[in-house]
Amino acid sequence: MNFIEEFWRLNEEEQREKQLEFLNGLGLKDESGKVICDFDSFSRLPIMTKSNFKSRGSTIIEKSAKGSFIRKTAGTTSSPTTVVLNKDELSKLLAVRDYCFKNHGFRLGSREARFWGRATNGFRNDLKNFLLHRQIFDAVADEPEVFLQKLARWNPVYIYGYSSMVLEATRIVKENPVKLPRLRGIVVTAEAIMPPQKAYIESTFAVPVIEEYGSTEFDVIAFECRRRHRHLVNPWIHLERESEELLVSDLSRCSQPLIRYSIGDVAEIYHSECGAFGSFKCVGEIKGRTINQIAYGADGKRFHAVIFSRALEHYMVRVDKVFSFRFVQNEVGVFHMNINGCDEAEENRIKAFVIDFVLSELGVPIEIELSNTEKVDGKKPYFEQQLEEIH
């Protein structure tokens with residue numbers, strides 16, 4: 001933590017020199033075998049795609065030493081990604097997160113209410129939640145009264161979660177006036193949030209809504225200050241922009257190298273005059289992520305669309321295949337499913353599996369129609385809601 005604070009107190013030239021030291025410590029080589037020792041040469045290295053990363057990652061996971069930490073993505077661009085970290089690498093990520101939280105008046109380890117859309121059952125997850133002093137809430141699956149009672153009993157210092165889940169919780173609070181916990185802030189992540197939605201949440205909870213930009217592979221990349229700038233905050237992260245797409249490199253990662261990694265987001269990087277914390281470099285508008293993640297079953301019951309990612313994850317593990325997929329809803333209870341990489345018979349098997357999975361997991365009946373009108377390619381949300389009006 002002290003190193004992070006000291007790093008961001010340096011001027012930009014000194015920060016650059018420090019990052020060059022990190023780069024040189026990696027011992028990267030170009031195609032000719034020459035060691036990369038400056039960022040001009042670094043920018044000529046090949047781009048790492050998610051498929052590259054996954055193929056290399058499987059070997060690393062098999063050889064990973066005892067004591068490594070495993071993290072998995074939610075699979076928002078179809079199949080999930082497994083990330084391996086050693087103790088030092090994980091400590092750096094947690095220190096960056098704590099640095100961000102501290103600048104907003106709370107700390108990592110403060111009582112957290114996590115509004116999540118992905119199941120975290122099991123002893124290891126329960127233990128992790130206990131150690132991190134957090135509790136998981138589901139504003140979509142729980143009845144409003146149950147959800148509000150749980151939240152009041154937990155009395156969190158801050159809320160952290162998917163933007164769509166926080167927005168749904170806000171709707172419940174707005175419609176069911178209760179005495180709210182005295183929060184220090186609400187951190188939204190994983191999905192874009194529009195200014196009117198942000199204002200709606202802030203007026204309901206009477207605390208700032210703070211945007212976090214990151215990924216499971218890197219954790220926090222940029223974090224919002226009180227002036228609404230998303231500052232780069234990790235000293236070991238080098239961020240580039242090529243053809244408008246962000247490329248992320250972790251200059252301290254050895255367990256599972258991530259160099260010029262195509263994270264899948266189109267966004268701008270700009271230089272601000274704000275010195276609130278972190279870098280003067282900031283991440284601007286992020287395209288391609290959506291807050292519209294609440295789906296509606298045939299009975300009108302709401303559920304979080306992450307269930308589709310979970311269903312496809314289970315199916316792909318079962319058949320040992322990987323598909324790109326996308327679900328679109330433009331009618332209550334009906335979903336258009338687009339799958340790449342399989343024939344019609346397989347599509348029908350996936351269709352039946354997803355319908356059964358959603359019903360067994362959530363008790364929600366749905367209909368699925370097959371759609372081949374759009375190729376699922378590049379960074380697109382795995383779910384898009386196109387319902388004209390739902391309250």
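In which strand is asparagine 338 found? Asparagine 338 belongs to strand β17 (residues 334-340), where helices (H or I, at least four residues) and strands (E, at least two) are DSSP runs numbered from the N terminus. The structure is a predicted model, in which local features need pLDDT of at least 70 and side-chain atom pairs count only at pLDDT 80 or more, while totals for chains, interfaces and linings use all residues. Residues are numbered from 1 along each chain as its sequence is written, and side-chain values use heavy atoms, with hydrogens and water left out.

Asparagine 338 counts as buried, at 5% relative accessibility; buried means under 20% relative accessible area, exposed over 50%, and partly exposed in between (1.4 Å probe, protein chains only). Its side chain reaches the backbone oxygen of serine 371 at 2.7 Å. Serine 215, in strand β7 (residues 209-215), is likewise buried, with a relative accessible area of 14%. The side chains of serine 215 and glutamate 217 are joined by a polar contact of 3.2 Å. Such a contact is a pair of N or O atoms within 3.5 Å; within protein, one must be able to donate a hydrogen and the other to accept it, and residues adjacent in sequence count only if both atoms are side-chain atoms. When residues up to four places away in sequence are not counted, serine 215 touches Ile221 and Ile263, contact meaning heavy atoms within 4.5 Å.

Helix α1 (residues 2-9) packs against helix α5 (residues 87-102) at an angle of about 65 degrees, with the axes 9 Å apart. Axes are lines fitted to C-alpha atoms, for helices over the stretch in contact, and angles run from 0 to 180 degrees between N-to-C directions. Helix α1 is therefore roughly perpendicular to α5, a term covering 65 to 115 degrees. In this packing, Ile4, Glu5 and Trp8 of α1 meet Ala95, Val96, Tyr99 and Lys102 of α5.

Arginine 153 lies in helix α7 (residues 144-154) and is exposed, with a relative accessible area of 63%. Arginine 153 and proline 181 are 28 residues apart in sequence, and their C-alpha atoms are 9.1 Å apart in space.

Most residues other than glycine have a negative phi. Asparagine 155, in the loop between α7 and β5 (158-162), has a positive phi of about 50 degrees although it is not a glycine. Asparagine 155 is partly exposed, with a relative accessible area of 45%. Arginine 228, in the loop between β8 (219-224) and β9 (230-232), has a positive phi of about 75 degrees and is partly exposed at 40% relative accessible area.

Terms used:
Angles under 35 degrees count as roughly parallel, over 145 as roughly antiparallel, 65 to 115 as roughly perpendicular and the rest as oblique.
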